[in-house]
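Please walk through this structure with me, one site at a time.

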Amino acid sequence: MIYLDYQATTPLAPEARDAMLPWLSLEGSANPHSAHALGRAAKAAVEVAREQIAALLPPGGKLWFTSGATEAANWAMRGVGQGGIVTLPTEHACVRDTALWMGQRNHDVTFLPVGPDGLVTSMDIPKGTRIVAAMLVNNEIGVIQPIAALAAQAHEAGALFFCDAVQGYGRVLIPDTCDLIAISAHKIHGPKGIGALWVRDGVVLEPLLLGGGQEGGIRSGTLSPALCAGFGAAAALMRPDPPVETLWTRALSHIPDWQINGSTEHRYHGNLNIRRDGLDAARLISELRTVAFSAGSACASGSGRPSHVLKAIGLTDAQARSSIRLGFGRTTTEAEIDEALTLITAAADRQF
């Protein structure tokens, strides 16, 4: 099987797996919030991981572990108090749907427009805005938003800025001017089931989950030393990935008759979202049993609705349903790109 669905999740790094194993044994199974020796050892492992992850984030803030980026985004947006929300129509569902939910509860919600390339076209922040939320690297089309400029506009309007950096963490520079940052382990070759929210010093959040207050008194829930250790080890491996550029160029050489969705200039090149008008993307994915790729976000893959991201950049329903997303990275080889694109283009040709 050739795996080209990196935006949905990344293969677990052997180093992350090895870091987790000691904390899955009998001796490593202590609660990291317990005061005895085994508990203190587990807590030490959690704190080492916290430092490894924070090393790739701006200075001057604290990192709190969560169950994933969805919880982190909900906490960031719902924890800053009453006020207006500004975001983009191309955001991940965990941000978009949270904004819509809050809009039903007396929060003013504004969606800034984006152009056909997926980039924001207006940074007009209304008065009374409490938080501006924007994704660093779009999970469906790979577009890199001007986060520093958006953060500056948010601050000028007296608002906080929240960045969903899930797809860009460790790959694309995160501006120091963000106030809140969500990340996820399984998008950087770490384990599923753990993420984190980075909070700038001085930013006050209300708890999203109530209980024991294990994380700084503001996030309740027993932490898993194994998941934390795997997250930390994965973060320690992250670095800009030059092979992605080679893979991108090689993939493009196979698809001269396909259109790229989203900007090609302001984009992370480990994400290739393409369309061929008239194609049945669902049928293509079903027929190719030896290549794993998608038609968009894994979170919405069973909805049957066309991608809200592709609709927001002006594609018709038919064009959105004719689009596929190929994601590649650290473990992908040039030979896999050649084989996969040969199979994909041949199967697509059979539909016409």
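At 6% relative accessibility, Asn138 is classed as buried (buried means under 20% relative accessible area, exposed over 50%, partly exposed in between, with a 1.4 Å probe and protein chains only). The model is predicted: local features need pLDDT of at least 70, side-chain atom pairs count only at pLDDT 80 or more, and totals for chains, interfaces and linings use all residues. Residues are numbered from 1 along each chain as its sequence is written, and side-chain values use heavy atoms, with hydrogens and water left out.

Stay with Asn138. This residue sits in the loop between strand S5 (129-135) and helix H5 (147-156). Helices (H or I, at least four residues) and strands (E, at least two) are DSSP runs, numbered from the N terminus. Not counting residues up to four places away in sequence, Asn138 touches Thr90, Val143, Asn271 and Val309; contact means heavy atoms within 4.5 Å. A polar atom of the Asn138 side chain lies 2.8 Å from the backbone oxygen of Thr90.

Now turn to Asn74. Its place is in helix H3 (residues 69-78). Asn74 is buried, with a relative accessible area of 14%. Its side chain makes a polar contact of 3.3 Å with the side chain of Thr98. Such a contact is a pair of N or O atoms within 3.5 Å; within protein, one must be able to donate a hydrogen and the other to accept it, and residues adjacent in sequence count only if both atoms are side-chain atoms. Leaving aside neighbours within four places in sequence, Asn74 is in contact with Gly79, Cys94, Thr98 and Leu208.

How many disulfides does a search of the whole structure find? It finds zero, a disulfide being a pair of cysteine sulfur atoms within 2.5 Å. For Cys178, the closest cysteine sulfur is in Cys163, 4.5 Å away, so it is too far for a bond. Cys228 is in no disulfide either; the nearest cysteine sulfur, that of Cys94, is 20 Å away. Cys178 is buried, at 0% relative accessible area. Cys228 also counts as buried, at 0% relative accessibility.

The structure holds one cavity of 30 Å³ or more. On a 1 Å grid over the protein atoms alone, a cavity is a set of points where a 1.4 Å probe fits but cannot get out; lining residues have an atom within 4 Å of a point. The largest cavity has about 40 Å³ of space, a volume being the space filled by probe spheres set on the points, which are joined across faces, edges and corners. Its lining is Tyr6, Gln7, Gln167, Arg171, Lys187, Tyr268 and Phe328.

Methods
1 Å grid on protein atoms, 1.4 Å probe; cavity = no way out; pocket = protein on both sides within 12 Å on 5 of 7 lines; lining within 4 Å.
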